[in-house]
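Dear colleague,

Please find the structure below, handed over for your study.

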Amino acid sequence: MCPLISALGARKLRDLTADNVDKWLPEKAKTLSTRTLQELYSCLNRSINRAMARDKVKRNVVALCSIPKGQPGRPSKSLTLDQAKVVLDAAQESRLHAYIVLSLLTGARTEELRAPTWDHVDLDGRPDNDPPVPPSIQVWHSVRVGGDTKTRKSRRTLALPVRCVGATRHHRQFQERDREQAGPKWQNTGIVFATSVGTALDAANVRRAFRAVARKAGLNPRDWTPRELRHNFVSLLSDSGVSIEAIADLCGHAGTTVTEKVYRHQLRPVLLNGAAAMDRIFNATPDDPAPTKPTLPEA
C-alpha cells in the first residue's frame, strides 16, 4: 500500500496539520531513501495545491514542512563479464530469457522492455538497402504513467545484436505455444513480453523471474535486480572503449551528465584515461625505475 494512503489516507485534507506531516515524514525516513521521501513529499504537496485551487483547503501545510534525510539508497552495481555470461546461460530455460538478453545487450530500461508490441520489433532488417538496415527494436514507449518514455531523448530505435535476434525469434515461438495452450483465455495485446495468457507483465513478475535466474547462476538473488542489467550494459561498453557520448545516446540520455552521474562506477576506462594520458605526456613506461626514497638533510 502507498505510504501516503496507509498513514494519512483516512484523514480529511482540511484536518491535516503541519504537525501531522512533520510526524509522518521522520517516521518514514527510518526505512525510506531520501529520494523516495522527496517523491512522497512532492505527491502530497501537489495534492494539497490541487485542493487549494478548488477551495477545499485554505493553505498548504505541507509547504511548511521540510524533508528529513532518509536512508542511503541501495548502490547499483554491475556483473563481471564472466558473471554476465553465466547469467545468460542460466536464463536459457526462463520465460524471460529474451527479456534478460535484450536488457543486457541493448541497455533498455526494464519499464521500456515491458511496453513494446511485436509491431515495434523488426527481426529481419533490410540487408539489401544501401546502407543495410539491421534488425531493431523501437523503444518509443514504456509502462510509465501515460505510456511515454522517461525523457524525450529516450525515444530511440536500437539495433539488435545477433544474440538478441535469435533469443527474440525463439521467444516468439514460445509465445505462440502459450497462445495455443491458453485458448479462449488468450488476450491478443500484441505485447512482446507477456504473461502466459498474453497480458502485460508487472515489475513483480520480472523481479521474481530474474531472481530465479540469478539464483541458478550462483548469485545471491537478494543482491541483484533487473535494472542492474542496464548498468552492466554500460560497464561492458565502457570496458570496450566506447565513448561516453555514444553510451549516453544508446541509454537514451539527453547528455553525458546523467550517464556520468548515475553510471559513474561503470565508466572505468573513461575515468581512468587520465593516467594513460599522463604516461604519454611524460613518456613513462612500465620499465621506468621506481623513485628512490629522498634523503633528508641533516639537522
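Helices (H or I, at least four residues) and strands (E, at least two) are DSSP runs, numbered from the N terminus. This is a predicted model, in which local features need pLDDT of at least 70 and side-chain atom pairs count only at pLDDT 80 or more, while totals for chains, interfaces and linings use all residues. Residues are numbered from 1 along each chain as its sequence is written, and side-chain values use heavy atoms, with hydrogens and water left out.

I begin with the loops. Asp 55 lies in the loop between α3 (34-53) and α4. Its phi is positive, at about 60°, although Asp 55 is not a glycine. Asp 55 is exposed, with a relative accessible area of 63%; exposed means over 50%, buried under 20% and partly exposed in between, with a 1.4 Å probe and protein chains only. The loop between β1 and β2 holds Pro 131, and the peptide bond from Asp 130 to Pro 131 is cis, with omega near 0°. Most residues other than glycine have a negative phi, and most peptide bonds are trans.

The strands come next. Three strands form an open sheet in the order β1-β2-β3, with antiparallel pairing; two strands pair if DSSP finds at least two bridges between them. β1 (121-122) and β3 (156-159) are at the edges with a single partner strand each, so one side of each has no neighbour in the sheet. β1 is joined by 2 bridges to β2 (residues 136-139), and Val 121 has Ile 137 as its bridge partner in β2.

Ile 137 also belongs to the largest nonpolar core, which has 36 residues, and is among those that touch the most other members, as are Leu 79 and Ile 100. Such a core is a set of buried Ala, Val, Leu, Ile, Met, Phe, Trp, Tyr and Cys residues joined through side-chain atoms within 4.5 Å. Helix α5 gives the most to this core, with 6 residues. Leaving aside neighbours within four places in sequence, Ile 100 is in contact (heavy atoms within 4.5 Å) with residues including Val 87, Phe 210 and Leu 229. A second, separate core of 18 residues includes Leu 37 and Leu 44.

Finally, Ile 100 and Leu 104 are among the α5 residues that meet α9, where Leu 229 and Phe 233 are among the partners.

A colleague
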